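Biologist: Good morning. Could we go through this model together, one topic at a time?

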Amino acid sequence: QALRYLMRERDIKPVELANRIGRSRSYVSQLMSGKVGEPALSTAYAIADALGVTVQDFLNLMHGGV
């Protein structure tokens with residue numbers, strides 16, 4: 001839900017995030033729904049960069065929620 005929150009706050013759609021990080025829309029959807037565990041560190045950096053947050057903040061949100 002943290003990823004969904006960050007995306008909503010920044011008005012970024014799953015397909016847009018997928019394009020920015022070089023992953024499929026399906027992967028982003030699975031990550032948003034919790035069907036995929038924590039992303040690889042390189043992917044976490046890409047997601048954080050795409051969302052304009054630090055990787056530490058992103059991972060903290062992923063672990064602790066919003």
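Biologist: How far apart are the mean positions of the positive and negative charges of the protein chain?

Modeller: Please keep in mind that this is a predicted model. In the protein chain, the mean positions of the 8 positive and 6 negative charges are 9 Å apart.

Biologist: And how many helices and strands are there in the chain?

Modeller: The protein chain has 5 helices and 0 strands. Read along the sequence, the pattern is α-α-α-α-α.

Biologist: What about overall dimensions: what does the C-alpha trace span along its principal axes?

Modeller: The C-alpha trace spans about 25 × 25 × 20 Å along those axes. The radius of gyration of the protein chain is 10 Å, which agrees with the value near 11 Å that a compact globule of 66 residues would have.

Biologist: What share of the residues is buried?

Modeller: Buried residues account for 36% of the 66 residues. As for the surface, the accessible area comes to about 4,000 Å², and 46% of that belongs to carbon and sulfur atoms.

Biologist: Let us turn to helix α2. Which residues are buried there?

Modeller: Helix α2 covers residues 14–21, and its buried residues are Pro 14, Leu 17, Ala 18 and Ile 21. These four lie on the same side of α2, because they cover an arc of only 100° around the axis.

Biologist: Which helices do those buried residues pack against?

Modeller: The buried residues of α2 pack against α1 (2–9), α3 (25–33) and α4 (41–51).

Biologist: Now for α5. Which residues are buried in that helix?

Modeller: In α5, Val 55, Phe 58 and Leu 59 are buried. Their arc around the axis is only 95°, so they sit on the same side of α5. The buried residues of α5 pack against α1 and α4.

Biologist: Where does Gln 56 lie?

Modeller: Gln 56 is in helix α5, which runs over residues 55–64.

Biologist: Why does Gln 56 count as partly exposed?

Modeller: Gln 56 has a relative accessibility of 47%, and therefore counts as partly exposed; that class lies between the limits of 20% for buried and 50% for exposed.

Biologist: One last point: what separates the C-alpha atoms of Gln 56 and Gly 34?

Modeller: Those C-alpha atoms are separated by 19 Å, and the two residues are 22 residues apart along the chain.

Technical notes
Residues numbered from 1 in each chain as written. Predicted model: local features only at pLDDT ≥ 70, side-chain atom pairs only at ≥ 80, totals over all residues. Heavy atoms only, no water. Helix = DSSP H or I, 4+ residues; strand = E, 2+ residues; numbered from the N terminus. Buried < 20%, exposed > 50% of the residue type's maximum accessible area, 1.4 Å probe, protein only. Rg over C-alpha atoms; globule rule 2.2 N^0.38 Å. Areas by Shrake-Rupley, 256 points an atom, 1.4 Å probe, with all protein chains shown as cover. Lys, Arg positive; Asp, Glu negative; His and termini not counted. Charge placed at Lys NZ, Arg CZ, Asp CG, Glu CD. Arc of directions from axis to C-beta. Contact = heavy atoms within 4.5 Å.
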